Amino acid sequence: MGFEEKIRRVTPYVPGEQPKEADIIKLNTNENPYPPSPKVEKAIRDFDADSLRLYPDPASSVLVEALAKRYGLKEDEVFVGVGSDDVLAMCFLTFFNSDKPVVFPDITYSFYDVWAELFRIPYKQIPLDENFRIVPGDYAGGAGGVIFPNPNAPTGALMPLEEIRGIVRANQDCVVIVDEAYIDFGGETALPLIREFGNVAVVQTFSKSRSAAGLRIGYCFANPKLIRALNDVKYSFNSYTMNRLTIVAGAAAIEDEEYFRSSCAKICATRERITKALRETGFVLNDSAANFVFASHPDVPAGDIFKYLKTRKIYVRWWDKPRIRNHLRITIGTDEQMDVLIRALKDFLTP
Ligand SMILES: *Cc1c(COP(=O)(O)O)cnc(C)c1O
């Protein structure tokens, strides 16, 4: 047998495009249109480059302390990583270690099945209902693990905390991961569940609500036993995941609560306005609790709209996949960007 047969083959996750042109309107990867807090800029400006000679603190204590303080937790209830993608990958590796399938929705973050394949974890995708909602009764137990985003991506649908509590209660013999990448845009966090149940992990990120996708910080809140297990796996893989600059810039972002609240509020207000404007333009969409909307047009294929918008230098996200190929996921940008989008859509759709 040759060496090629011994190589691990995987079908990778495909992230949204990061076009190189400068003058585009980028509504395709759910980044925040507003800059990070001025406190982050100051922390980077004040950073001592000489300190880069030394390895960073492997425990990222400054960042972990800032997060613990902000969320009213103990430091042993917090784990940090290189974006929530890194944190979620560590969670899969640590918590999903059973012969029973891990379960998640059929329409959801498209990284879950990639990690399951990579780590050779059996999995089962559970269809959303015809309204693109998670049916809590479909997660009634017997799984090797459970994961779903709340709000779900790319649908934007929010599950009430009571339903999540029900799923956790029904799955006491495995870990339930709630991926809260978008929870700061109007949802209720499942964080209180980590002290009610030993088997819940709540994962959040700086990439969307904290305007810092480029910094790469994600974190997990859970019972100290789960956090210890995560750290054991992390230290078996790479001790120094967080670099020195990220640790101080991230802590500065957490300290600017007022900036965080006001930029989330702006995005929510724009989302409400754009939801209405899209409906007036003929689109059909459910209310979203995230920094994006998921919309389809009854008469015009989403793929055609997607291609037309590109000619106007507006990038949105479209997947040529069953059930969702007639939907566009549109990130909420600034009010000015969204006005340009609505203008372009009217130009295309008005005969
Ligand atoms: C954006 C996103 C993430 C990962 O974001 P990071 O930039 O790696 O923190 C995780 N889960 C969902 C559902 C997302 O949309």
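Visitor: Where is P151 found?
Guide: P151 is in the loop between β5 (145-149) and α5 (161-170). Keep in mind that this is a predicted model.

Visitor: What kind of peptide bond joins N150 and P151?
Guide: A cis one. Its omega is about -5 degrees.

Visitor: And the bond from A153 to P154, cis or trans?
Guide: That peptide bond is cis too, with omega near 5 degrees. P154 also lies in the loop between β5 and α5.

Visitor: Why point these bonds out?
Guide: Because most peptide bonds are trans.

Visitor: OK, backbone angles next. What is phi of S60 near?
Guide: Near 50 degrees. That is a positive value, and S60 is not a glycine. Most residues other than glycine have a negative phi.

Visitor: Where is S60 found?
Guide: In the loop between α1 (38-45) and α2 (61-71).

Visitor: Let's switch to the ligand. Which residues surround the ligand?
Guide: Here is the list: G83, S84, D85, L88, Y109, D179, A181, Y182, T205, S207, K208 and R216.

Visitor: Which helix gives the largest share of that shell?
Guide: Helix α3, residues 83-95. It supplies 4 residues of the shell.

Visitor: How do the shell residues divide into nonpolar, polar and charged?
Guide: Evenly: 4 nonpolar, 4 polar and 4 charged.

Visitor: What lies 2.6 Å from an oxygen atom of the ligand?
Guide: A backbone N or O atom of S84. D85 also has a backbone N or O atom by a ligand oxygen, at 2.9 Å.

Visitor: How about a side chain? Which one has an N or O atom 3.1 Å from a ligand oxygen?
Guide: The side chain of K208.

Visitor: How much of the ligand's accessible area does the protein cover?
Guide: The protein covers 92% of it. On its own, the ligand has 390 Å² of accessible area.

Visitor: And which pocket is the space taken by the ligand?
Guide: The largest pocket.

Visitor: New topic: strands. What is the order in the open sheet of 3 strands?
Guide: The order is β9-β10-β12, and the pairing is antiparallel.

Visitor: Which are the edge strands?
Guide: β9 (284-285) and β12 (328-331). Each of them pairs on one side only.

Visitor: How many bridges are there between β10 and β12?
Guide: There are 4 bridges, in the antiparallel sense. Strand β10 covers residues 292-296.

Visitor: Last one. What is the bridge partner of F294 in β12?
Guide: R329 is the partner of F294 there.

Key. Residues are numbered from 1 along each chain as its sequence is written. This is a predicted model: local features need pLDDT of at least 70, side-chain atom pairs count only at pLDDT 80 or more; totals for chains, interfaces and linings use all residues. Side-chain values use heavy atoms; hydrogens and water are left out. A residue is near a molecule or strand if one of its heavy atoms lies within 4 Å of it. A polar contact is a pair of N or O atoms within 3.5 Å; within protein, one must be able to donate a hydrogen and the other to accept it, and residues adjacent in sequence count only if both atoms are side-chain atoms. Accessible areas come from the Shrake-Rupley method with a 1.4 Å probe; for residues, only the protein chains shown count as cover. On a 1 Å grid over the protein atoms alone, a cavity is a set of points where a 1.4 Å probe fits but cannot get out, and a pocket is an open set with protein on both sides within 12 Å along at least five of seven lines; lining residues have an atom within 4 Å of a point. A molecule sits in a cavity or pocket if more than half of its atoms lie within 2 Å of its grid points. Helices (H or I, at least four residues) and strands (E, at least two) are DSSP runs, numbered from the N terminus. Ala, Val, Leu, Ile, Met, Phe, Trp, Tyr, Cys and Pro count as nonpolar, Asp, Glu, Lys and Arg as charged, and the others, Gly among them, as polar. Two strands pair if DSSP finds at least two bridges between them.
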